[in-house]
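Please work through the following exercises on the model shown below, trying each task before reading its solution.

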Amino acid sequence: MSIQRGDVLEALKVVALPNTGNNIVEGGAVKNVVTTDNSITVTAMVTSPVLHVKKAVEDGIKKALAEKFPNVAVQVTMSVEIAKPTIAPVEEVILPNIKNIVAIASGKGGVGKSTVTANIAVQMAKMGFKVGLVDADIYGPSMPIMFDVEKERPLGKTVNGKQMMLPVENYGVKMLSIGFFTTPDQAVAWRGSMATKALKQLIFDAEWGELDFLLIDLPPGTGDIHLTLVQSIPVTAAVIVSTPQTIALADARKGAGLFKMDSIDVPVLGFVENMAYFTPAELPDNKYYIFGQDGAKNLAADMGLPVLGEIPLVQSIREAGDIGRPASLQDGTPESEAFYKLTQNIVEETIARNNNLPPTTKVEMSNTAGCTAH
Ligand SMILES: Nc1ncnc2c1ncn2[C@@H]1O[C@H](COP(=O)(O)OP(=O)(O)OP(=O)(O)O)[C@@H](O)[C@H]1O
Ligand SMILES: [Mg+2]
């Protein structure tokens, strides 16, 4: 006797749809069920980009059907349709066309903030999001090189009588950097006030259009630029990059601490462990924990935050950055997969943040000189 479709759907009702309080049938995740005498094929779709959600649903379907229909061949096809952020713009008046502003910070210099930011931006664009990127490292901009646009200059456009910059675009990412306004051998020797003014211009005097995410690649430390940023715009969330090294982790704690300060109160989505382990190209399965192991995990656990992703130290990531083609442009490599998972988690955590917390407000600080991050 052939297997009834209705019986299959009934059996699938025991499988929960994560984060919804519903089962996969009533939650609309089961898209198709095809049965024969001895086989069942289920097509299911989830809207979460996080891998473990997809896996949980897939495993749940297999388990439920194996129990109800032993000795029947079960095939499950899963797809993921990424839900775009449904929240309202972060603030009505300030940058109304930008849904989420995510700052990438570190504490310590040289841990890979810019590399990680460039790759997140490319992954987001590949996922179908509208992405902008501000290189806030006024004294040491790196984005023009990482996106192979160092010879480009932003065009001007008059909007409502005001002269605005049009961001430079490559790989689906719109970008502005102070590097577009200097020559390669020209050092920017500005006082803090000039640097912060330049940063504000990059953000406000630009025609970004509609954006799902504006990523901000911050300089190291917790200085003027960081304070200007949180004072000027409502930053939706921050992501902290660290290597597993003790000295980097100590600074990462301070970096996270700055955003978590009561007077600033920008939610920190979590940590990125960059250069988590070294993998030589010729031995892709070997992992060498040259900067130590589990440091970011322990720090994250201590601060009650998740590790959003682990990025290996591989030569191709450095080379890709140097030639201006971020590693994430390639599909299917281990490094591209690592950046993909990281980006999924950032998108997911941003959506969760917007669902659970009120929008960030701009920080009003009369005297920032006395701020200390713990
Ligand atoms: N996962 C990685 N594997 C290999 N090389 C990496 C990795 N991440 C970063 N790098 C390399 O490390 C160097 C520093 O990276 P990057 O410039 O991104 O760091 P940063 O934190 O932005 O530095 P700064 O504090 O100066 O802004 C670069 O040469 C980059 O190519
Ligand atoms: Mg940098």
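## Exercise 1: Charged pairs around a helix

Glu-310 and Lys-297 join their side chains in a salt bridge with an N to O distance of 2.9 Å, a salt bridge being a side-chain nitrogen of Lys or Arg within 4 Å of a carboxyl oxygen of Asp or Glu. The model is predicted, so local features need pLDDT of at least 70 and side-chain atom pairs count only at pLDDT 80 or more, whereas totals for chains, interfaces and linings use all residues. Residues are numbered from 1 along each chain as its sequence is written, chains are lettered from A and ligands numbered from 1 in the order in which they are written, and side-chain values use heavy atoms, with hydrogens and water left out.

Task: determine which parts of the chain the pair of Glu-310 and Lys-297 ties together.

Solution. Begin with the elements, where helices (H or I, at least four residues) and strands (E, at least two) are DSSP runs numbered from the N terminus. Glu-310 belongs to strand β15 (residues 307–313) and Lys-297 to helix α8, so the pair links parts that lie 13 residues apart in sequence. Next consider exposure, for which buried means under 20% relative accessible area, exposed over 50%, and partly exposed in between (1.4 Å probe, protein chains only). Glu-310 counts as partly exposed because its relative accessibility is 29%, and Lys-297 is likewise partly exposed, at 35%. Finally, look for a further partner: Lys-297 also meets Asp-294 in a salt bridge (3.0 Å, N to O), and Asp-294 is partly exposed with a relative accessible area of 31%.

## Exercise 2: A hairpin and its link to a loop

Task: describe how β8 and β9 pair, and find which residue forms a salt bridge with Lys-162.

Solution. First, strand β8 (residues 155–159) pairs with strand β9 (residues 162–166) in the antiparallel sense over 5 bridges, where pairing requires that DSSP find at least two bridges between the strands. The two strands form a hairpin with 2 residues between them, and Asn-160 in the turn has a positive phi of about 50°. Opposite Val-159 stands Lys-162 of β9. Lys-162 is partly exposed, with 43% relative accessible area, and its salt-bridge partner is Asp-205, the closest N and O atoms being 3.1 Å apart. Since Asp-205 lies in the loop between α5 (192–204) and β12 (211–217) while Lys-162 lies in strand β9, the pair ties together parts that are 43 residues apart in sequence. The whole structure holds 14 salt bridges.

## Exercise 3: The interior

Task: identify which residues touch the most other members of the largest nonpolar core, and decide whether Ser-328 is buried or exposed.

Solution. A nonpolar core is a set of buried Ala, Val, Leu, Ile, Met, Phe, Trp, Tyr and Cys residues joined through side-chain atoms within 4.5 Å. The largest such core has 87 residues, of which Phe-147, Ile-216 and Phe-259 touch the most other members. Apart from it lies another core of 23 residues, including Val-8, Ile-24, Val-46 and Val-76. Taking contact as heavy atoms within 4.5 Å, and leaving aside neighbours within four places in sequence, Phe-259 has contacts that include Ala-103, Leu-218, Val-230 and Asp-265.

Helix α6 (residues 224–232) is mostly covered, since 7 of its 9 residues are buried, among them Ile-225, His-226 and Val-230. Ser-328, by comparison, sits in the loop between α9 (315–323) and α10 (334–356), and it counts as buried because its relative accessibility is 0%. Beyond neighbours within four places in sequence, the residues in contact with Ser-328 are Asn-119, Val-122, Gln-123, Lys-126, Ser-336 and Phe-339.

## Exercise 4: A loop residue

Task: locate Lys-13 and list what it touches beyond four places in sequence.

Solution. Lys-13 occupies the loop between α1 (5–12) and β1 (16–17), and at 31% relative accessibility it counts as partly exposed. Not counting residues up to four places away in sequence, Lys-13 touches Asn-23, Val-25 and Glu-26. The C-alpha atoms of Lys-13 and Ala-64 are separated by 8.8 Å, although these residues are 51 residues apart along the chain.
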